[in-house]
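Please open the model in your viewer and keep the selection panel at hand; the tour goes from one selection to the next.

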Protein chains: 2
Amino acid sequence: MRPVTLKDVALRAGVSPKTVSRVINGELHVRPEVRAAVQRIVDELDYRPNAFARSLSSSRSYLLGLFLDDPGSGYAADLQLGALMRCRERSYHLVVEPLDITAPNWAGQIIDSIRALRLDGAILTPPICDSEALLDLLDSEGLAYVRISPRGDATRSGLIEMDDRSAAREMTEHLIGLGHRHIGFIKGDPAHSVSLKRFEGFTDAMTAAGLTLRPGDVREGDFSFRSGLRIGEEMLGGTAFPSAIFASNDDMALGVLITAMRLGIGVPDRLSVAGFDDAPTSRAAWPQITTIRQPKGEMAAGAVDILVDPSYRASPTSAHFRRLLDYELVDRLSTGPNTRDGSSQRS
Amino acid sequence: MRPVTLKDVALRAGVSPKTVSRVINGELHVRPEVRAAVQRIVDELDYRPNAFARSLSSSRSYLLGLFLDDPGSGYAADLQLGALMRCRERSYHLVVEPLDITAPNWAGQIIDSIRALRLDGAILTPPICDSEALLDLLDSEGLAYVRISPRGDATRSGLIEMDDRSAAREMTEHLIGLGHRHIGFIKGDPAHSVSLKRFEGFTDAMTAAGLTLRPGDVREGDFSFRSGLRIGEEMLGGTAFPSAIFASNDDMALGVLITAMRLGIGVPDRLSVAGFDDAPTSRAAWPQITTIRQPKGEMAAGAVDILVDPSYRASPTSAHFRRLLDYELVDRLSTGPNTRDGSSQRS
DNA sequence: TTGCGGATTGACAGCGTTGTCAAATCGTAT
DNA sequence: ATACGATTTGACAACGCTGTCAATCCGCAA
């Protein structure tokens with residue numbers, strides 16, 4: 001029951017282990033007939049290279065790390081799935097590491113993974129991808145990383161992002177197009193860089209349309225359902241509430257939706273609600289929530305692609321490693337034409 | 001920038017590499033003062049053993065595999081988190097492998113992970129933990145595994161389970177206790193062993209209370225929100241619908257809830273809805289769904305504990321490695337007293 | 001003091017692969 | 001036929017650690 005080794009294959013094929021190694025790794029300088037012969041034995045014996053031995057001698061581990069702040073979230077699950085699939089295609093493996101940057105010993109934990117596992121690269125997700133301390137640490141460990149939706153125009157690494165700002169602008173324009181003039185906005189957790197971007201997109205569209213905000217129209221949540229619930233109550237409690245509310249993610253949108261329901265405010269008849277993310281909850285809600293679809297799986301897959309690219313380490317900041325992916329506005333039932341004569345449009 | 005090796009520590013501490021190895025692994029037969037001295041150097045140099053070298057020479061990999069049928073589900077995410085945390089405590093690492101048993105080449109994929117990574121053990125989740133073919137494969141590869149909520153009283157391995165049957169019975173009794181006499185049930189995906197168990201628990205309680213089921217009171221879903229929606233329509237479409245519906249999981253319960261809402265059937269006034277799982281959606285819904293909390297994280301953590309136990313390989317079927325965890329009925333707002341005089345109770 | 005058994009330590013080989021570099025082989029120009 | 005460079009192959013060491021086993025050390029009894 002000893003696993004088949006490279007040596008076994010070599011013996012059987014009548015060549016040296018090194019030649020088998022060359023075939024396995026698709027290196028040049030092997031005569032085609034030798035290559036074929038070796039390949040046949042490999043298939044016959046169903047040989048699989050031992051990743052440990054390999055990495056021990058080559059200093060590549062064929063392991064990528066996915067560092068997650070909140071591994072339980074749907075966002076994390078989607079990213080993970082995308083990364084997982086792409087890793088498999090490229091015969092890499094993925095090690096998922098939860099990382100709480102507010103914990104006292106976070107650095108130690110991460111160093112463990114890096115040194116013990118000799119990761120070939122890491123995928124950094126928001127909000128931890130914005131921690132300078134973390135980036136410094138990774139740099140000092142010599143670990144290549146790609147960030148997903150990092151803050152600002154940071155140029156420290158390859159990155160994958162989506163134009164959150166214009167997505168939010170588009171959604172806002174969509175609401176304005178439906179006749180809404182008095183639109184409320186719920187910001188996300190300020191620790192996430194996308195929170196600001198989405199808010200900017202919102203104000204872009206409002207400004208462009210010549211619409212003004214009143215105090216209380218913009219509130220700050222933390223991306224949680226609970227915060228949506230709370231803010232929903234605050235905003236919808238009075239009489240002159242907006243005819244549409246745009247929440248920075250679906251969970252908060254759902255909170256607003258449910259609050260509206262509870263208060264007997266019909267959606268979308270008296271209130272339109274829009275979200276962001278296309279989380280599963282946005283489809284499970286009633287009415288289904290109009291939202292922005294983020295290609296989360298693709299983003300993670302793209303990060304894998306970059307990390308396994310041999311030329312990435314040499315020039316991590318090349319434009320080729322900064323990718324912008326498309327979003328999509330998903331128009332569902334939680335938004336509709338404005339049927340109210342909001343006082344705001346006359347003022 | 002070469003990483004610190006065991007040899008470096010040995011040199012610095014003035015002992016042999018082997019002695020350092022002993023200290024690192026907490027082996028006996030090291031004089032306390034030597035142990036302390038070595039430990040000091042280890043800390044000073046912040047030395048981390050190279051997992052690859054270690055596993056290459058010892059045939060332990062310190063790697064556990066989590067095999068997931070549906071990596072995107074909330075259930076999977078919860079398990080993963082639990083496993084992840086426990087792995088970290090035990091200084092193991094977790095490799096997550098999505099595994100589609102219906103795909104043509106599933107076996108090849110899994111063999112890759114096992115042989116290449118030399119996993120020390122695997123955690124098998126439903127429904128793949130019930131695949132005889134998979135178990136045979138793992139056995140033949142000599143890989144230890146623990147199953148979570150496997151079908152029947154299978155004795156092939158250690159396992160972690162919850163008493164789904166009595167949990168479902170308890171929930172049903174809860175509904176009966178609220179005065180419901182006409183109760184509908186939505187089964188889960190028959191590929192999952194828990195589907196049957198939950199149904200049995202339901203009929204246990206119904207039978208014990210002397211309640212009979214009419215045709216159409218029991219329907220089969222597939223655990224998806226969509227199937228809950230569909231079945232909700234089927235059940236609530238007529239006039240003589242049940243006063244309570246117990247769905248085998250929260251997603252389906254949510255489907256029923258939303259259908260009821262759409263049809264103008266007040267919950268819990270005219271209809272009580274109960275779920276199972278305590279999924280995030282059950283809390284995000286309005287009204288929040290009464291459900292059964294499964295200790296998913298603990299289950300996965302327990303599986304890790306078993307796998308890292310050195311004595312597990314010797315006697316995997318010992319009773320000590322068959323663990324039953326507790327559930328909890330979470331009474332929320334989607335269930336309430338029966339206020340209708342259902343015709344069923346007079347017949 | 002000597003001898004003995006157990007506790008402690010270290011030398012050495014080997015885990016399975018790849019990097020390095022030298023050797024062998026080939027084709028072709030002389 | 002000979003020599004030359006390019007191509008192809010293999011020998012060997014090394015990656016960092018642990019298993020094995022022999023060597024050394026200790027305390028204590030004789």
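**A sheet in chain B**

Begin by selecting residues 183-187 and 244-247 of chain B, which are strand E6 and strand E8 and pair in the parallel sense over four bridges; strands (E, at least two residues) and helices (H or I, at least four) are DSSP runs numbered from the N terminus, and two strands pair if DSSP finds at least two bridges between them. Within this pair, Gly184(B) stands opposite Ile245(B) of E8(B). This is a predicted model, in which local features need pLDDT of at least 70 and side-chain atom pairs count only at pLDDT 80 or more, while totals for chains, interfaces and linings use all residues. Residues are numbered from 1 along each chain as its sequence is written, and chains are lettered from A and ligands numbered from 1 in the order in which they are written.

Now extend the selection to the four strands of the open, parallel sheet, whose order is E7-E6-E8-E9 in chain B. Its edge strands, each pairing on one side only, are E7 (218-220) and E9 (272-274) of chain B.

**Around DNA strand D**

Finally, select DNA strand D and the 25 residues around it, of which Ser57(A), Leu6(B), Ser21(B), Ala53(B) and Ser57(B) come nearest (near: C-beta atom, placed from the backbone, within 6 Å). Helix H4(B) gives the most to this surface, with five residues.
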